[in-house]
Amino acid sequence: MHNKKNKILIFCKLLFTVLFIVSIFSCRKNNDDGIGPTIAFKLDSGFVYKDDTILIGKTYNVGIIAQKGDVNITNFIIKVSNNSTTTYLDTGMNVSTLDINKTIIKGLAAKDTWTFIVRDKNGNSASVSFNIFADSSSVFGSIVTIPSIILGAQNNTSIGSFLDIKNKLVYNLDQAYAIQDSIEILYFYDAIQTDANTIASPNANIDASVFPGTSGLTNWTVKNETRYLQTSLSASDFESFYNDSILIATYNETLAKRKAKNLVAGDIYVFRTAKNKLGMFKVLNVTGTDAGTVEIKVKMQPY
Amino acid sequence: MKIKIIKYFFLFFLIVSVFEAYSQVSINGKITDASSNEELEGATISIKELNISAISNNSGNYEFSSIPAGSYNLKVKLMGYKDTSLYITTSAGAYNFNFKLISGMYEMNSVIVTATRTEKKIKDLPASVGIITRDEIQEIPAVTADEYLSLISGINITRHFGIFYKTGDVTMRGLNRNVYTLLLIDGIPASIVDGGATNWNRINPENIRKIEVIKGPNSSLYGSNAMGGVINVITRHPSKPFKAEVNTFYGTYNTYGGSLNLSGSKIKNDKGFYWLADGFIRRSDGYVLYPDSIAESTDVATYLKENNGSLRTGYSFNKNNNLEIEYDASDATMGQGKKIFEELGNYYHDIYQFWQARYNGLIGKFRIYASAFYKYDFDDAQKESIKQSGAYTFLNTYTDSGDKGIWCNASFPFKKNQTITFGFDSKLGKTKSSDVYHTSTDTVTYKGNLDYYGLFAQDDIEIIKNRLKSIIGLRYDIVNFFDADFTIDAPSFTTSFMLPYLQPLTEKNWNALSPKAGLLYKYNDSLSVYFNVSRGFRSGTLSDMCKTGDVNKGFKLANPYLKPEYLSNAEIGMVIQYHKLEVEPVLFYSIGKDFQYFVGTGDSIYTTKTKKQPVIKRENISKVEIYGIEFAANYTLNKHLSAFLNYSYNHSQIKDFDTTLFVSKDLTNKFLIDVPLHHIFSGIIYKSKFINFSIIYKYASSTWADDENTIKVDDYALFDAKVSKKFFKSFNASLTCENIFNTIHLDSKGLLPPGRFFIASLGYSF
C-alpha cells in the first residue's frame, strides 16, 4: 500500500515537472503591441497643415514629422480621397524618425482629403489629415511649346543625353555633371533590363554601367526626379490643347513612374518635373540603339 | 530384514545425492564492451546442449547455477555486437567466463523494428535495411544527427552550410527532395502535416540509441512520404538505477554548448518506473555566406541559438508490457546571413513541442504497439530585402502547424511459421501561415488541413524453415484536403497584383493502395538473396495546394487539384558474409508517375513595378525513371581496426514530360536536380584502450542545379576525422574535424560552406 502510494507520488511529481517545462517552452507570438508612432504636420511657413483653398494647377507643400514608439517606423502612406480614395504614396523604411516634405499639385477635384499615415513593425499606426478645396476663381495656365528636342543615347558621341528643359539645352555627361541641379530629363537605351528606348531622369533606377566614370550618375550629389505617365491621347488631341488643363487632368502622381520605357514614335507621355512643372511630350522618331537618338515635341507649363 | 533393506536404501540414496551435489557446476561471468569496457546489459548467454539461457544484468553479470558437469558451447549474443562463443569442459565446481564483445558494423542478427513494425532480425528481411548503432555514432566524425546516415549506402546528405542550415536534406534512392523520405523518431513521423524537411539540429546525437533505415518505397506500412525510404531514430532507454552524462563542446566560429542526459530505472523483476531527461544547447557566431569578392555590407555572419529538451517517463508492468509518456521541446533561432536595419537581421525562429503516450505490450498472443501524439510547431521567419529599384521590404512570416494522431499495430503468430501484422494510422494536420508586411499594409495568409488515414496488413511467412521467407503487405490510405483558404488583407501595390489570381480552394480527397512483396532465400548463414517489389506515394504539400506568391522560377499559383506522386520499385540484393568481410550489393529500378513540376500558364505578370515574371503552377506532369546500384562493404580486421565502404550510383531522369496541356519547356531526358550520379562514403575506424580514431572520405559527383540542366554544381571530395579517448573511467574527450583540407565548394547560388570545422568536446558520466 505504501509502495503503491510512493509510486503514485513519484509519477505525479514527474508529471508536474513535465507540465512545468511545458509552460516554460510554451511560447507564442507576443500580442502586446506596445507604444505606437506619432505623426504631426510641420507648422513652418510655406507648409499647409490644415484645411485650405488653393488654385487648380498650383503647387503647395506639406511637411511631416513622425517619431517611432517602441519600434521603428516601417511604412509611410499618403492617401487622397476625392471621387475615390487612391494611394498617393506607399513606401517602406526602417527609421526612428521621419522628416519628409512633399510638393503637391492641386488637381481638378473640388475637394481633396489628404491623409498621412505612419505604421511600425508591430502594426501600430498614427495619422493626420486635412482638406484642400479648389479655389472657385481658378483659371488654367498657359503653356509653352518646344517643337523639337533631340537627345542622344548614352554612346552617342555627337548629341548629348541630358536635358535642361527650363533652358531647352542638351548636354553630354561631363557637362551635365557640372550643372546637376539643372538636369531634369535624360535619355538612354536600356539593354540590361531590356527597356530599350527610355526617357528618365537622374534619380531613376539606371544601371551604373549606362553612364559610368567620374561623371557617372552614381557620383551625382543632386539627382532630380521627373515622373512620367503614358496617356491614350491621340496625336490630334496633343496638337490641339492650348492650356494646362489637360496636363492637370491627365497627370496622376500615384501612377506615374520614373521611366518612360520602350518608346516608339507616336507615344504620348504626361510628366511632372522635379521643379513641379507639368508637361507632355510626343515621340516624333527614335533610333533604337545605344548610340541612337530620340526626337520629341514638348508642351508644358512655363518656368 | 525389512528394516535393514530400508536402511541400505536410504544410505545409497544419501551417497548418490552427495555425489550428485559434488558433480554440480555453476558458471558466472561478466559481459563487457571490448573497446570501452562498459558493462553490457541484456546480452543472452545460452547453453544449447542444456537448452538454457541467461541474460546479463545491468552490471553485465550473468550466472548459471546447479547445472550438470560436462562439455558445452557457451554462446553470447547482443544486438549491435558480434556473436561470440566458447567451448568449455566442466567438472564439479564454480567457473568464471568473462566475454568482451566487439561491436558489429553490420550485424545480421540485429533486430530491427522499422522494416515490418515488429521485431525482426535483419537476416530474415527481404529488403535493403541498415542499422546505425550507438557505437558508430560515437566513433564517426559528425556534428548533426543526419550526418550519421551516410553510413548507410544510398543515402545522400546535403548540408551545404553545416549546422547553420535549419534542415538537412536527406534523400534516398535517387530522389531529390526531403518529402520523399519519411523520418520517424521513436516510430512517429517527425515532420509536421505534409512531410518534408525536419530540423535535424533538434535531435541530440548523445540521446540516440540507434537509427534504423529501410530503403525503397514502404508506403505499404507507413503511407505517404515513404517513397525513397524510411528512417527511424530510436532514442535511448534507461537501464540503470541512475545514470548521468554531461558533455560540453567548443569549436570553430565560437560554436559552443553542452548536453545533459539523466536517466533512472526502478525496474525490479521487470516491474517499475523509469525516466529520462535530456537537454542540449548550442550557440554559434556563424560565418558570412558570400565570398569576399561579392559580399555586400548587408551580408553578415549567420548565427545560431538552440535549446532542446526531452522528458520521458514510463512504467513497466512486466517483461512484456509498458506504458510511456514523453514530452520534447525545442527553441531554435538561426540567422540567415543578411542584415539591413533590424538588429537580428534575417532569421528563422522555430519553436517545437511534442507530446506522446505510447503502449507496447503483449496481450494474449497479440503483440501490440499504440501511440497517441500531438505535435506543434511555430515558425517566425524575418526577412528584409532591398530590391533592384531601391525599394525596401520588411516582413515576418508566421506559421502555425500542428499534427495529432494515433498510430497502432498488432501482430500475432497465425501459424507456427507465419506472423500477421495489421494496424491503423491516423494523422490529422493543419497549418496556417501569414506573411505580415511591415513596409506596407498587406497580410497574405494561407491555411489548410491535411488528414491521413491508413489501414494496413502484412503477412510474414517462413515458407521453408531457415531457407525461404516472404513478406507481403498492403496498405490503403485516404488523404483528405479541406478547410483551405488563401486571403490578402489590406492589399497595397505590394500584393494587389495577386488579387485576380485568387481562387476558391475546394475540398479534395485521394486514396492510394500501396502493396509490397518480398522474397528472401538464405543459402546459408553467410549468403542470402532477396527480391522485392513495392509502391510508394506522396500527397501534395499544403504550400503547393494553397499558397500563391513569388518563387524563384516565377509567380506561382496555388493548385488545390494536385494529385499524389507515385513510385513503383523493384530491387534485388544480396548479403554476403565471408570471414571478416560483409558485403551487400543491391540493384534497383523505379518508375515514378505523376511527378510534380512547375509549368507555365502562358501568362506573365509584374510582381514589382519593374520585375516581370512568368505565371507558373505545379502540375503532375511527368514520369521519372530511376535505376541504380548500392554497394556496402564492411571489413573488421580485429577488435581494434575496421573499415567500410558505401558506394551508390543513381541515374534519375525525367521521362514522358507532358507539354500538350501546359506551356513549358520539355524536360524529357533531363536529370533530376541535386542527385549525384556517384556517391561514396568510406572510412577506417581504430579503437583501443588508449585512443580511438576514425577518418572518413566523402565524395559526391557533380549535380544539376536547375530542371533544364544548364547549371552544374561541381563535384567535391571531403575528409573528416575524429579522435577520442576515455580516461579515468568516466571522462571522455574527443576532437572532431570536418573538411580537414578546407575544401571550398560553392553551392548553386555561389554561397560558401563553413569550411574546415573543429569541435572539441569533454564528457563526464557516472
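Phe719(B) is partly exposed, at 29% relative accessibility, where the class spans the range between buried, under 20% relative accessible area, and exposed, over 50% (1.4 Å probe, protein chains only). This is a predicted model in which local features need pLDDT of at least 70 and side-chain atom pairs count only at pLDDT 80 or more, while totals for chains, interfaces and linings use all residues. Side-chain values use heavy atoms, without hydrogens and water.

**Tilted pair in chain B**
- Phe719(B) and Tyr697(B) form a tilted aromatic pair, 5.1 Å centre to centre with 50 degrees between the planes; rings of Phe, Tyr and Trp (its six-membered ring) pair if their centres lie within 6.5 Å, with planes under 30 degrees apart stacked, over 60 edge-to-face and the rest tilted.
- Tyr697(B) is in strand β38 (residues 692–700) of chain B and Phe719(B) in strand β41 (residues 716–727) of chain B, so the pair ties together parts 22 residues apart in sequence; strands (E, at least two residues) are DSSP runs, numbered from the N terminus.
- Tyr697(B) is partly exposed, at 25% relative accessibility.

**Stacked pair and ring cluster**
- Over all chains, the structure holds 46 aromatic pairs.
- The pair of Phe378(B) and Tyr398(B) is stacked, because the ring centres are 6.4 Å apart and the planes lie at 10 degrees.
- Phe378(B) is buried, with a relative accessible area of 6%, and Tyr398(B) is buried at 15% relative accessibility.
- A cluster linked by ring pairs includes Phe242(B), Trp275(B) and Phe727(B).

**Charges over rings**
- Arg202(B) lies over the face of Tyr352(B), 3.6 Å from the ring centre; the criterion is NZ of Lys or CZ of Arg within 6 Å of the ring centre and within 35 degrees of the ring normal.
- The charged end of Lys299(A) sits over the ring of Phe238(A), 5.6 Å from its centre.

Methods. Residues numbered from 1 in each chain as written. Chains lettered and ligands numbered in written order. Helix = DSSP H or I, 4+ residues; strand = E, 2+ residues; numbered from the N terminus.
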